[in-house]
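Subject: Structure handover

Hello,

I am passing on the structure we spoke about. Please look it over, then read the notes below.

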Amino acid sequence: MVWVWTPAKLTERDKAEIKKIVEAEIEKTTKLKAAVSRTLVKAGRVYLFNLYEPFRQEGDVFTKPLIDGKYFEFPLARITIYDKSAVYSHCSLDWQRHTGEWITIDKGTLTECIQIAETNDWFKAL
């Protein structure tokens, strides 16, 4: 038998609480505070997004829609929550490859994952 961890099922109240915790922890950091433009809690996961202004030349073709006619929005990191307890003690910090596949970089509590993203070079803003 193999145990497979699945993301926690979150209520709207859980999502609001998690978003509040994540945004408060990001405010305590320097690198993430400057890089994260938006957070989203969806399907047991917290997504941290980064705005990126690409260098454009005449004739460039972009496949992703631009925000305000000038920015791309890319996922910077993802935190998957497996434990719905009050301390969110079982989470994984994930990084997205250029292929769209998510890779787990480290595991810990929700706040530990944010601190790891702050100090880890995998999560550089574009």
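Accessible areas here come from the Shrake-Rupley method with a 1.4 Å probe. On that basis the accessible surface of the protein comes to about 8,200 Å², and carbon and sulfur atoms hold 53% of this surface. Please keep in mind that this is a predicted model.

Overall layout

The protein contains three helices and five strands. Along the sequence they follow the pattern α-α-β-β-β-β-β-α. Of the 126 residues, 33% are buried. Among contacts with a separation of 6 or more, 47% are between residues 24 or more positions apart.

The core

In soluble globular proteins, nonpolar side chains tend to be buried together. Here the largest nonpolar core has 24 residues. The members that touch the most others are Ile-18, Val-22, Val-46, Ile-79 and Leu-93. At least two residues of this core come from each of helix H1 (12–27), helix H2 (31–35), strand E2 (45–52), strand E3 (72–81), E4 and H3. H3 gives the largest share, five residues.

Setting aside neighbours within four places in sequence, Ile-18 is in contact with Leu-10, Val-41, Val-46, Ile-81, Tyr-88 and Leu-110.

Aromatic residues

How many aromatic pairs does a search of the whole structure find? There are three. One of them joins Tyr-47 and Phe-49, which are stacked at 6.3 Å centre to centre with 25° between the planes. Both Tyr-47 and Phe-49 are buried. Together with Trp-102, these two residues form one aromatic cluster.

Trp-95 lies in strand E4 (residues 91–96) and Trp-122 in the segment after helix H3 (110–119), so the pair ties together parts that are 27 residues apart in sequence.

Are these two tryptophans buried, partly exposed or exposed? Trp-95 has a relative accessibility of 24% and therefore counts as partly exposed, since buried means under 20%. Trp-122 is partly exposed as well, with a relative accessible area of 43%; the exposed class begins over 50%.

Regards

Methods: Residues are numbered from 1 along each chain as its sequence is written. This is a predicted model: local features need pLDDT of at least 70, side-chain atom pairs count only at pLDDT 80 or more; totals for chains, interfaces and linings use all residues. Side-chain values use heavy atoms; hydrogens and water are left out. Rings of Phe, Tyr and Trp (its six-membered ring) pair if their centres lie within 6.5 Å; planes under 30 degrees apart count as stacked, over 60 as edge-to-face and the rest as tilted. Buried means under 20% relative accessible area, exposed over 50%, partly exposed in between (1.4 Å probe, protein chains only). Helices (H or I, at least four residues) and strands (E, at least two) are DSSP runs, numbered from the N terminus. Contact means heavy atoms within 4.5 Å. A nonpolar core is a set of buried Ala, Val, Leu, Ile, Met, Phe, Trp, Tyr and Cys residues joined through side-chain atoms within 4.5 Å.
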